[in-house]
Amino acid sequence: METIKIITRDDMADVALGGAFLGTGGGGDPYIGRLMAEQAIDANGSVQVLNVDDLADDALVVPVAMMGAPTVMLEKLPRGDEAINALRSLEAVLGKKADAIFCIEAGGLNSTIPIAVAATARLPIVDGDGMGRAFPELQMVSMTMFDIHACPMAMADEKGNAIALNTVDNLSTEKFARVITVEMGGAGLIALYPMTGAQAKQAILRGSLSLIANIGRIIGSEQAANRNPADKLAADLKGMRLFEGRVTDVDRRTEGGFARGRATIEGLESYQGQKMFLNFQNEFLLAEDEHGRPRAITPDLICLLDLETGQPITTETMGYGFRVIVFGLPCDPKWRTKHGLELVGPSYFGYEAQYKPIEILNLQN
Amino acid sequence: MFRIGVDVGGTNTDAVVMQGDKILSGVKSPTTEDVMSGVVDAVERALADAGTDKAKVTAVMIGTTHFTNAVVERKHLARTGAVRLCLPAAQCLPPMVDWPNDIRDAVGNHFWMAKGGYEFDGREISALDMEELNRIAVQIRDEGIDTVAITSVFSPVSDKMEREAMEQLAKTLPDVDFTLSSEIGRLGILERENAAIMNASLRALSERTVGAFGRALTKVGLTCPYYITQNDGTLMSRDFVQSYPVLTFASGPTNSMRGAAFLSGKSDAIVVDVGGTTTDVGALVKGFPRPASTTVDVGGVRTNFRMPDVFAIGLGGGTIVEGTGETLTVGPRSVGYKLTTDALIFGGNTLTTSDIAVGLGLADFGDKSAIADLKHDHLQAVRARINEMLTNAVERMRVSPDPIPVLAVGGGSILVPDHVGDLPVIRPEHFSVANAVGAAIGQISGEVDRIFSLDGKTREEALAEARTEATNKAIAAGAKPESIELLDQEDVPLAYLPGNATRIRLKVVGDMNG
């Protein structure tokens with residue numbers, strides 16, 4: 001896989017596409033973030049991408065992100081300086097300037113917004129993230145496994161409100177910040193998990209931006225050649241086509257402030273007569289066959305792609321009649337540890353399935 | 001009762017006369033620059049062929065690609081003012097930010113952002129500032145702009161601010177046409193605003209075109225109401241399309257697919273519409289075109305209209321054939337409208353698929369002696385290549401191993417073999433005017449897409465409320481109340497929000513009154 005050293009305007013289409021893929025159905029459509037990053041790069045120049053090992057041990061590294069409902073972001077576009085305000089507010093609390101920023105998650109809007117911030121603040125961005133995919137809650141990051149605190153955390157909105165939080169643990173940060181997000185109109189920009197270069201080297205998942213850009217390139221070039229990108233993605237990423245079919249039912253319900261639900265997909269072509277069920281909480285979390293046997297379980301990645309174009313499809317836009325490929329990918333090994341599974345394994349989300357790696361579940365294939 | 005369906009395409013204007021489900025006549029006529037005389041000619045001939053008394057015609061339905069073509073070709077677009085109610089939010093991505101430069105220039109790139117807009121739950125981002133709107137109105141007047149699109153953040157939740165801003169601007173701009181985004185699009189501000197601006201830029205053309213339709217029908221002596229078809233195969237009244245021309249986008253492929261379904265009696269099929277330059281392949285599911293699942297660009301501008309999922313290949317009646325054996329190519333270049341001068345059978349020097357069709361005995365027109373030299377092996381090789389192109393395109397749109405039929409329509413459909421892969425091909429009667437038939441059978445629809453709060457009501461109650469709203473819209477647009485059915489329904493809880501907000505999209509359709 002090619003390592004990226006710089007992100008130019010021309011790279012943003014690939015980053016947005018790759019971000020949509022790793023969003024595993026959640027994280028929102030990165031299109032808005034792509035446009036913002038393109039503008040910021042036009043105004044301030046390309047963004048330098050750092051290997052985490054190139055950070056000084058005492059450097060201050062801060063992820064910035066959008067928190068809230070992706071739907072809100074599609075309608076109420078940002079004023080433009082919210083994320084920078086969040087970053088500046090956090091710096092004021094810390095009494096120290098950030099030396100680099102990074103993506104809290106490698107998926108959706110949050111794979112593109114930090115690039116816009118990096119360009120505007122003229123800071124480098126670290127080639128890594130806290131999830132290796134998208135997850136719905138802010139404590140669901142590798143940093144939590146390494147006892148790095150989300151706070152002090154800053155949140156900002158388009159009206160100029162900037163709020164600093166200090167909480168006892170990362171789950172509490174999630175609970176309080178969620179309430180503020182709603183008050184801010186359903187979405188806010190945040191800067192959190194301030195950490196040193198030394199901590200970052202230990203905690204963050206490496207190479208995420210390169211991975212996103214490469215995935216985007218694969219999808220783009222395969223589409224341009226009129227091929228479905230799924231085969232090349234499977235070969236290059238050790239992923240697998242789990243199923244192909246047509247969405248025949250989407251049962252969504254709101255529980256605890258999340259979109260939880262289940263989609264039914266009826267098989268087409270060689271999958272004719274079979275079914276697959278996808279359970280989701282914003283992101284796809286559990287794929288089961290018609291006998292209730294799991295085929296992929298969180299934290300492994302479950303992505304939904306358009307059957308013809310390979311375009312990633314989000315849980316929010318997925319609808320009756322869509323023809324799709326269910327695509328699975330192994331997650332970062334950090335998530336397969338005991339601590340990782342406590343944070344983002346099936347039991348946290350209330351599923352009965354015991355976690356087994358996707359490679360084991362699909363050995364027969 | 002009699003109905004007339006008309007399809008005004010880039011090359012041909014087709015007309016059919018229908019009595020109930022029966023097609024009495026179908027004719028093709030060249031499209032004219034003024035639109036009107038082509039429509040007059042087609043309709044008069046169709047009426048004469050059918051022997052129908054024009055006093056007994058109750059409705060005329062017109063499908064047209066005129067407005068799509070205007071955007072694609074950047075022609076006839078009016079200078080437009082875009083006003084977005086959003087401040088202090090949404091400044092970072094101004095109106096038309098992601099448009100190709102040539103179309104942004106074509107509409108003038110005049111935009112203003114002002115205070116206003118809503119949060120997802122209907123709270124105000126900020127109140128409207130009437131003084132600010134007055135200043136904007138003066139600038140619009142000084143620019144000499146006479147069509148304006150107003151877009152407020154979350155206007156699908158509440159359209160109040162868009163209306164109030166329009167009233168305020170109209171005080172200074174009494175003769176300006178206003179397009180409100182809430183009347184056109186769904187959630188997703190950039191896509192909805194894009195549609196509103198394109199709509200505003202097409203208003204003048206729409207008035208001229210719809211006026212030409214009206215004058216054409218008057219000239220023919222038809223006094224019945226007429227309707228224009230929408231992107232999803234439903235009908236709009238003339239007043240409506242005059243205000244919302246953008247809603248006709250993609251109605252061409254929709255009409256040909258629905259027409260093919262009607263002519264063949266099949267509701268699940270692959271439709272292959274072969275024109276002069278391209279072939280559109282789409283899928284019919286339950287009698288309606290299967291919609292595309294992603295956002296669709298129109299002339300490079302991102303929209304979120306429901307459009308049919310169509311795969312186009314460069315194969316038509318005018319497609320150029322070159323080389324032999326290993327070097328054989330079929331398309332994508334075409335002689336286009338010059339077919340009747342450039343093709344061998346018409347005395348030209350270019351070998352086209354039409355020459356091949358005549359050589360193979362699939363069709364009989366032009367001068368056969370001009371292609372007497374074509375070798376049998378070559379003809380068969382070209383035929384095999386055409387079959388391969390069609391098979392690949394059909395396989396791409398096919399979603400089940402069931403042997404559903406392929407419906408071949410359009411003027412160039414003689415090129416389609418009797419089987420495409422393992423699928424049987426049906427060539428329905430009147431196949432060459434399927435678009436006009438699709439227009440003639442258009443239905444009336446009503447649509448709702450907005451966020452409902454489930455505090456104090458159940459999901460079922462919210463869905464029922466949405467359905468009532470959509471039904472009322474359909475009735476207002478001219479649908480028979482008793483024929484109204486639910487076409488599509490979807491509810492999406494707003495992710496990450498503890499509140500019980502849900503987004504409901506719902507569409508009903510019904511038969512036309514009268």
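**Briefing on a predicted model with chains A and B**

In β7(B), L85(B) has S152(B) as its bridge partner. The model is predicted: local features require pLDDT of at least 70 and side-chain atom pairs count only at pLDDT 80 or more, while totals for chains, interfaces and linings use all residues. Residues are numbered from 1 along each chain as its sequence is written, and chains are lettered from A and ligands numbered from 1 in the order in which they are written. Helices (H or I, at least four residues) and strands (E, at least two) are DSSP runs, numbered from the N terminus. Two strands pair if DSSP finds at least two bridges between them.

**Parallel sheet of chain B**

- Strand β7 (residues 147-152) of chain B runs parallel to β5(B), and 5 bridges join them.
- Helix α4 (residues 130-143) of chain B packs on the sheet and touches β5, β6 and β7 of chain B. Contact here means that the C-beta atoms of two residues, placed from the backbone, lie within 7 Å.
- The direction of α4(B) makes about 170° with that of β6(B). Axes are lines fitted to C-alpha atoms, for helices over the stretch in contact, and angles run from 0 to 180 degrees between N-to-C directions.
- α6(B) also packs on the sheet, touching β5, β7 and β8 of chain B, and its direction makes about 165° with that of β7(B).
- The sheet is open and has 4 strands in the order β6-β5-β7-β8 (chain B), with parallel pairing.
- β6 and β8 (177-180) of chain B are the edge strands, each pairing on one side only.
- On average, neighbouring strands of this sheet are turned by 25° against each other, direction ignored.

**Antiparallel strands of chain B**

- Strand β1 (residues 2-8) of chain B pairs with β2(B) in the antiparallel sense over 7 bridges, and G5(B) stands opposite V16(B) in β2(B).
- The hairpin from β1(B) to β2(B) passes through 3 residues.
- β2(B) is also joined by 8 bridges to strand β3 (residues 22-30) of chain B, again running antiparallel. D14(B) stands opposite K28(B) in β3(B).
- The hairpin of β2(B) and β3(B) has 2 residues between the strands, and G20(B) in the turn has a positive phi of about 55°.
- Strand β2 (residues 12-19) of chain B is mostly covered, with 7 of its 8 residues buried. A residue is buried if 20 or more other C-beta atoms lie within 10 Å of its own, exposed if 12 or fewer, and partly exposed in between; C-beta atoms are placed from the backbone.

**Nonpolar core**

- The largest nonpolar core has 291 residues. Such a core is a set of buried Ala, Val, Leu, Ile, Met, Phe, Trp, Tyr and Cys residues joined through C-beta atoms within 7 Å.
- Helix α6 (residues 189-220) of chain B gives the most to this core, with 14 residues.
- Residues with the most contacts inside the core are V64(A), A86(A), I190(A), V326(A), V6(B), V16(B) and V272(B).
- Leaving aside residues up to four places away in sequence, V64(A) touches several residues, including A83(A), A86(A), L87(A), I101(A) and I190(A).

**Domains**

- Chain A is assigned domain 1 (6-208) and domain 2 (228-361); bounds come from an automatic or database domain assignment.
- The C-alpha centres of domain 1 of chain A and domain 2 of chain A are 25 Å apart.
- Their contact takes 21 residues from domain 1 of chain A and 22 residues from domain 2 of chain A.
- On the side of domain 1 of chain A that touches domain 2 of chain A, the elements giving two or more residues are α1 (12-22), α3 (70-75) and α6 (142-145) of chain A. α6(A) gives the most, with 3 residues.
- Chain B is assigned domain 1 (74-202), domain 2 (266-430) and domain 3 (443-510).
- The C-alpha centres of domain 2 of chain B and domain 3 of chain B lie 39 Å apart.

**Backbone details**

- T298(A) and P299(A) are joined by a cis peptide bond with omega about 10°. P299(A) lies in the loop between β15 (294-297) and β16 (301-306) of chain A.
- The peptide bond from L87(B) to P88(B) is cis too, with omega near 10°. P88(B) sits in the loop between β5 (81-87) and α3 (101-107) of chain B.
- Y193(A), a residue other than glycine, has a positive phi near 45°. Y193(A) counts as buried because it has 30 C-beta neighbours inside 10 Å.
- N109(B) is not a glycine but has a positive phi of about 55°. N109(B) has 16 other C-beta atoms within 10 Å and is therefore partly exposed.
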